[in-house]
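Please keep the sequence and the coordinates at hand while reading.

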Amino acid sequence: MNIEPVTVSGPAVTRPVMLQGWYDLTSIHWRYEPEVVQRLLPKGFTVDVFDGSAWVGLIPFNMRRIRLPNGWSAGRWSSFPETNIRTYIVGPDGRRAVWFCSLDITRLAPTLVARVSYGLPYCWASMTIEHPSPDVVTYSSKRRWPRGVGASNAGGASKVSVRVGELLGADAPDRELCDFLSARWALGSTFLGKLLWAQVDHPPWELHRAEILELDECLLRAAGLPDPVGDPIALWSPGVEVRIGWPHLVR
């Protein structure tokens with residue numbers, strides 16, 4: 001199977017079903033053995049690897065202005081914090097995408113809608129994002145419903161605090177890995193046992209290094225993963241505006 005290369009910009013979504021902004025985003029990634037992550041995926045999707053490892057990320061950020069292409073939104077109810085656990089997959093045709101193990105948000109209605117429409121494991125949570133100083137961001141999350149995802153009933157909570165550092169240069173020695181972890185232009189999911197795929201379009205990420213000041217989480221365990229081993233990779237971005245395409249069946 002030919003796997004498409006990782007690029008810092010993806011194909012345009014010309015007819016989006018939804019527009020939204022992902023801002024003040026921190027990503028913290030750990031290595032995993034590929035077979036450990038593969039067990040979480042449905043048949044037809046293969047875990048994507050870099051340097052021989054699968055990678056799983058804890059991604060807290062501020063979701064802003066979920067809206068339709070005609071501009072309609074639910075006002076203040078369309079913006080809220082989100083924390084997701086994600087990994088990376090390759091579809092049957094070699095295209096790369098994100099696979100979400102869980103997505104925690106503070107709005108119950110979008111939680112239910114996203115579960116029904118995109119087949120994504122959204123969860124209802126209480127969550128805050130704070131800036132105790134100009135270069136420090138703190139994210140706190142505690143899941144309300146459901147308490148576990150998949151076979152796990154471990155609940156789900158996290159507290160992350162990072163200090164934003166220098167801009168990641170194009171010639172940084174780990175730039176290829178950072179692009180692998182951030183430059184994804186589709187998402188995969190399942191619905192009624194069928195594989196779904198949706199294109200995603202946004203400008204290239206502006207990535208900064210991040211220093212982890214505090215990290216306490218059990219969301220990985222709640223998603224059915226063992227505790228990670230080794231030091232994580234932390235990045236921060238001011239954010240991007242996003243266009244999401246219609247979901248369609250993977251044949």
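## Basis of the description

The model is predicted, with local features requiring pLDDT of at least 70 and side-chain atom pairs counted only at pLDDT 80 or more, while totals for chains, interfaces and linings use all residues. Residues are numbered from 1 along each chain as its sequence is written, and side-chain values rest on heavy atoms, with hydrogens and water left out.

## Overall form

The protein contains 4 helices and 13 strands, where helices (H or I, at least four residues) and strands (E, at least two) are DSSP runs numbered from the N terminus. Its C-alpha atoms fill a box of roughly 50 × 45 × 40 Å along the principal axes.

Isoleucine 89, in strand E4 (residues 80–90), is buried at 0% relative accessibility. The C-alpha atom of isoleucine 89 is separated by 5.4 Å from that of threonine 46, although the two residues are 43 residues apart along the chain.

## Pairing around strand E7

Two strands are said to pair if DSSP finds at least two bridges between them. Strands E6 and E7 pair in the antiparallel sense over 8 bridges, and a hairpin of 2 residues joins E6 to E7. Within this pairing, glutamate 130 has threonine 138 in E7 as its bridge partner.

Strand E7 also pairs with E8, again in the antiparallel sense, over 7 bridges. Here valine 136 has arginine 163 in E8 as its bridge partner, and arginine 163 returns below as a member of two salt bridges.

## Salt bridges

Side chains of opposite charge can pair when their charged atoms come close. With a salt bridge defined as a side-chain nitrogen of Lys or Arg within 4 Å of a carboxyl oxygen of Asp or Glu, the count comes to 13. One of them joins aspartate 104 and arginine 143, with an N to O distance of 2.7 Å. Aspartate 104 lies in strand E5 (residues 96–105) and arginine 143 in strand E7 (residues 136–145), so this pair ties together parts that are 39 residues apart in sequence. Both partners count as buried, aspartate 104 at 0% relative accessibility and arginine 143 at 2%.

Arginine 163 forms a salt bridge with aspartate 135, their closest N and O atoms being 3.5 Å apart. That pair links distant parts of the chain, since aspartate 135 sits in the loop between strand E6 (122–133) and E7, and arginine 163 in strand E8 (residues 157–167), 28 residues apart. Arginine 163 also meets glutamate 211 in a salt bridge of 3.4 Å, N to O, and here the partners in strands E8 and E11 (residues 208–217) are 48 residues apart. Elsewhere, Asp48, Arg96 and Arg184 are linked in a network of salt bridges.

## Cavities

A cavity is a set of points, on a 1 Å grid over the protein atoms alone, where a 1.4 Å probe fits but cannot get out, and its lining residues have an atom within 4 Å of a point. Grid points are joined across faces, edges and corners, and a volume is the space filled by probe spheres set on the points. The structure holds 2 cavities of 30 Å³ or more. The largest has about 80 Å³ of space, and strand E1 (18–32), helix H3 (175–182) and strand E12 (233–244) each supply at least two residues of its lining. E12 gives the largest share, 3 residues. By class, this lining has 7 nonpolar, 3 polar and 1 charged residues, where Ala, Val, Leu, Ile, Met, Phe, Trp, Tyr, Cys and Pro count as nonpolar, Asp, Glu, Lys and Arg as charged, and the others, Gly among them, as polar.

The second largest cavity has a volume of about 40 Å³. Its lining residues include Val8, Arg175, Asp179 and Pro204, and the lining divides into 5 nonpolar, 1 polar and 2 charged residues. Ser182, Trp205 and Leu207 are among the residues that line both the largest cavity and the second largest cavity.

Technical notes:
Buried < 20%, exposed > 50% of the residue type's maximum accessible area, 1.4 Å probe, protein only. 1 Å grid on protein atoms, 1.4 Å probe; cavity = no way out; pocket = protein on both sides within 12 Å on 5 of 7 lines; lining within 4 Å.
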